[in-house]
Amino acid sequence: MSIFGPNEDVRTLFTSVQAVIGPGPIVDENIGGDPCYHLHGQYNGHRIHAFVSTDGGLLFSVRFGVPLGDRPITLRVNHRKNTRIHGVPEVRTGDAQFDGLFLLNGFPPSVVEAALDGPTRAWLVEQFAAREPPLTAEAGEVTLNVVLVKSLSNAARHMPPAEVGSWLEQLLPIADRLASAFDGQRDQIGRSQGPRAAEDWVRGYTAATQARADQRSQVRLGLYAAVIAPVMLALFVGALALGLVLAYRKPKVPPVAQLDLLRTGAEASFQARAGQRVTFRTSMQLDPQLMIERNWNETRNLLMASRIEVVLIAPDGSKKAVPCPLDGRGVETSETWNQDNDCSFDVAQSGTHGIQATVRWFKVAPRAAVLGVVVQEAGG
């Protein structure tokens with residue numbers, strides 16, 4: 001079975017990449033639960049590393065990389081609106097259009113500036129004026145990342161071999177200029193200041209590169225420990241609790257009748273059989289003005305101090321009354337309140353029953369209040 005499994009989009013992409021850089025072995029790995037694939041090959045005398053990542057099956061991209069050897073070069077291009085500087089100084093190219101649109105960071109600065117010549121800057125402006133340029137150099141590799149969007153409704157865009165070649169044709173000169181500028185500056189320092197000075201120059205940027213890598217690693221670990229891990233744990237516990245609630249919660253039985261609690265003398269009728277049970281569900285809408293005049297806790301306490309008494313009228317005309325207090329459960333918003341009341345009747349006769357209610361609101365009344373009558377089997 002293919003390592004790609006059912007992912008035909010990745011298979012198609014690698015077929016195109018292999019056609020350009022050669023049929024090298026494909027190495028698969030798993031990052032954060034998502035499959036990723038590596039392919040190493042050659043193009044125009046350069047070693048090429050193609051890396052395809054899939055993000056939950058909703059997005060995948062291919063990153064073309066060219067090795068820079070042991071040269072400690074860092075390069076990143078961001079939109080000017082993105083004010084992050086990635087721990088290294090901004091490099092100004094003198095190109096007003098490019099510098100006005102992008103924030104260029106990297107070191108050595110002269111090497112970065114030499115790599116982004118006029119045609120390269122014009123290409124970046126043309127291709128990526130509306131989004132983040134995917135050009136980076138770090139960890140001994142200069143890369144160009146091409147996103148091929150895939151969602152539940154849109155299939156991944158196909159990349160034919162000709163397009164693979166066009167991306168590499170843009171990347172390879174940048175890699176050559178980075179390597180050439182770095183080597184030229186190192187050689188110049190060696191000629192003018194001696195081999196030891198050239199070694200120290202390289203060693204300084206190597207240390208800076210490692211320091212940045214360590215700093216990013218610490219930031220990621222700190223972020224994970226402080227934010228991501230607790231959030232993931234809370235989400236897991238919440239999902240587990242919700243799953244248990246949904247698994248064991250009995251579905252609510254809809255009301256068979258409703259009684260307007262704001263209308264004096266209102267009565268509602270419904271059918272019930274002997275042996276069933278009648279319970280009640282209160283739904284209230286509060287006046288928003290109450291939230292302005294009083295805070296929610298005060299309003300809630302006043303409503304809970306109100307008194308509701310429900311009277312059940314049996315088919316033979318006999319009556320039974322029970323208190324049906326509000327306890328503050330079921331608050332959906334500061335203005336909406338739905339709760340199952342802690343009161344019930346056991347039905348002794350089959351037939352048409354009537355229901356009445358007497359309400360004494362304590363200092364404050366809702367804008368609307370309805371008492372729903374729920375009939376269910378005893379013990380249900």
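Which salt bridge do the side chains of Arg203 and Asp200 meet in, and how many Å lie between N and O?

A: This is a predicted model. The side chains of Arg203 and Asp200 pair up in a salt bridge, with 2.6 Å from N to O. Both residues sit in helix 6, which covers residues 195-248. They are three residues apart there, so about one helical turn separates them. Arg203 has 47% relative accessibility and counts as partly exposed. Asp200 is also partly exposed, at 40%.

Now for the wider set. The count of salt bridges comes to 11. One of them joins Arg80 and Glu90, at 2.8 Å from N to O. Arg80 and Glu90 both lie in the loop between strand 5 (74-79) and helix 2 (96-101), 10 residues apart. Arg80 is partly exposed, with 28% relative accessibility. Glu90 is partly exposed as well, with a relative accessible area of 34%.

Another salt bridge links Arg273 with Glu377, whose closest N and O atoms are 2.8 Å apart. Arg273 lies in the loop between strand 10 and strand 11 (276-285), while Glu377 belongs to strand 17 (residues 368-377). The pair therefore ties together parts that are 104 residues apart in sequence. Arg273 is partly exposed, at 46%. Glu377 is partly exposed too, at 41%. There is also a network: salt bridges that share partners connect Arg71, Asp183 and Arg186.

Strand 10 leads on to a sheet. Four strands make up this open sheet, in the order 10-16-12-13, and their pairing is antiparallel. Strand 10 (267-272) and strand 13 (319-323) are the edge strands, each pairing on one side only. Neighbouring strands are turned by 25° against each other on average, direction ignored. Strand 12 (residues 307-313) runs antiparallel to strand 13, and five bridges join the two. Glu309 has Pro323 of strand 13 as its bridge partner.

Last, the whole chain. The protein chain holds eight helices and 17 strands. Of its 380 residues, 38% count as buried. Take the contacts between residues at least 6 apart in sequence: 64% of them join residues at least 24 apart. The accessible surface comes to about 20,500 Å², and carbon and sulfur atoms account for 55% of that.

Notes: Residues numbered from 1 in each chain as written. Predicted model: local features only at pLDDT ≥ 70, side-chain atom pairs only at ≥ 80, totals over all residues. Heavy atoms only, no water. Pairing = 2+ DSSP bridges. Axes fitted to C-alpha atoms, helices over the stretch in contact; angles between N-to-C directions. Buried < 20%, exposed > 50% of the residue type's maximum accessible area, 1.4 Å probe, protein only. Contact = heavy atoms within 4.5 Å. Areas by Shrake-Rupley, 256 points an atom, 1.4 Å probe, with all protein chains shown as cover. Salt bridge = Lys/Arg side-chain N within 4 Å of Asp/Glu carboxyl O.
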